[in-house]
Amino acid sequence: MGKGESSSRKLITKDDWMKKLNEVKVRKEDMNKLIMNFLVTEGYVDAAEKFQLESGTEHMDLGTITDRVAVRRALQNGNVEDAIEKVNDLNPEILDMNPQLFFHLQQQRLIELIRNGKLEEALEFAQEELAPRGEENRVFLEEVERTVALLAFEDPSTSPFGEFLDISQRQKTASELNAAILTSQSHEKDPKLPSLLKMLIWAQNQLDEKASYPHITDFVNATLEDPVI
């Protein structure tokens, strides 16, 4: 940064910054709701129960979290049929009203069959369950073709399509299903805390153009670093 550019930016000392921060009043009740929102949305049942008791946060039905976590855990463990059965027990309309989600669950079933070496069963499943859906939707068809391509390799995990066998693929499908369940229960599908963190990062980037001020770079501990002069 050039000397002229640096001098045009306002310098805010750490003391001045802390004074401004202390003038901002945030209610403890609002902070508690924010934390509870994160725990509930992400499915941390035990932590949510304990926090609800300790903080006196407004009572919530945490039983729905237990059911939702059971669905997600089944999917993360590769038990797709069990996850589908559990979500249908919760609300059969979730999958009826979301064909893309149902397709992704069926795709995950195919992936698990291939992972477990059940190749003939996988091919039959693809032909009977996924191919018809691919005929109705071009995007689905491309996904079916890429997934079935795993069958052409002796070691599918090292193939160009090996990403389907990565655990992150299970997590991706589980997150999609978790969001659908939350929406069906009139809950927000994403926790507010990560969004606020993104807003903080965006605000710091915007302010960088106008001032030199104490930054938060360690978001775990919220440590303020002295402004760069």
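Glu-112 counts as buried, at 5% relative accessibility, where buried means under 20% relative accessible area, exposed over 50% and partly exposed in between, with a 1.4 Å probe and protein chains only as cover. The side chain of Glu-112 meets that of Arg-170 in a salt bridge, at 2.9 Å from N to O; a salt bridge here is a side-chain nitrogen of Lys or Arg within 4 Å of a carboxyl oxygen of Asp or Glu. This pair links distant parts of the chain, 58 residues apart, with Arg-170 in helix H11 and Glu-112 in helix H8. Both residues of the pair, Arg-170 and Glu-112, are buried. Helices (H or I, at least four residues) and strands (E, at least two) are DSSP runs, numbered from the N terminus.

Glu-112 also forms a salt bridge with Arg-115, at 2.8 Å from N to O. Glu-112 and Arg-115 are separated by about one helical turn, because they are three residues apart in helix H8. Arg-115 counts as partly exposed, at 26% relative accessibility.

The model is predicted: local features need a pLDDT of at least 70, side-chain atom pairs count only at pLDDT 80 or more, and totals for chains, interfaces and linings use all residues. Residues are numbered from 1 along each chain as its sequence is written, and side-chain values use heavy atoms, with hydrogens and water left out.

The pLDDT is the predictor's confidence in each residue, from 0 to 100. The protein chain averages 89, and 96% of the residues score at least 70. Confidence is highest in helix H8 (residues 99-115), at a mean of 97, and lowest in helix H1 (residues 3-7), at 49. Over residues 1-6 the pLDDT is below 50, and this stretch has two contacts in the model beyond near neighbours in sequence. Contact means heavy atoms within 4.5 Å. Where pLDDT is low, the predicted coordinates should not be read in detail.

Next comes the nonpolar interior. In soluble globular proteins, nonpolar side chains tend to be buried together. A nonpolar core is a set of buried Ala, Val, Leu, Ile, Met, Phe, Trp, Tyr and Cys residues joined through side-chain atoms within 4.5 Å. The largest one has 15 residues, of which Leu-75, Val-87, Ile-94, Leu-95, Leu-101, Leu-105 and Leu-177 touch the most other members. At least two residues of this core come from each of helix H5 (63-76), helix H6 (80-90), helix H7 (93-96), H8 and helix H11 (167-184). Leaving aside residues up to four places away in sequence, Leu-75 touches Val-80, Ala-83, Leu-105, Gln-108, Arg-170, Thr-173, Ala-174 and Leu-177. Another core, of 14 residues, lies apart from the largest one, and its members include Leu-113, Phe-140, Leu-150 and Leu-165.

Phe-103 is found in helix H8 and is buried, with a relative accessible area of 0%. Its contacts, not counting residues up to four places away in sequence, are Leu-130, Arg-133, Phe-140, Glu-143 and Val-144. The C-alpha atoms of Phe-103 and Ala-126 are separated by 11 Å, the two residues being 23 apart along the chain. Thr-147 is found in helix H10 (residues 138-148) and is buried, also with a relative accessible area of 0%. A search of the whole structure finds 10 salt bridges. One of them joins Arg-27 and Glu-29, whose closest N and O atoms are 3.3 Å apart. Arg-27 is partly exposed, with a relative accessible area of 48%, and Glu-29 is partly exposed at 41%. Arg-27, Glu-29, Asp-30 and Lys-33 are linked in a network of salt bridges.

Leu-197, Leu-200, Ile-201 and Phe-219 form a nonpolar patch on the surface, with about 290 Å² of accessible area together. Patches are made of residues with over 30% relative accessible area and no salt bridge, like charges being joined within 9 Å and nonpolar side chains (Val, Leu, Ile, Met, Phe, Trp, Tyr) within 5 Å. Accessible areas come from the Shrake-Rupley method with a 1.4 Å probe. Leu-197 is found in helix H12 (residues 192-208) and is partly exposed, at 37%.

Ala-222 lies in the loop between strand S3 (215-218) and strand S4 (223-225). Phi of Ala-222 is near 55°, a positive value in a residue other than glycine.
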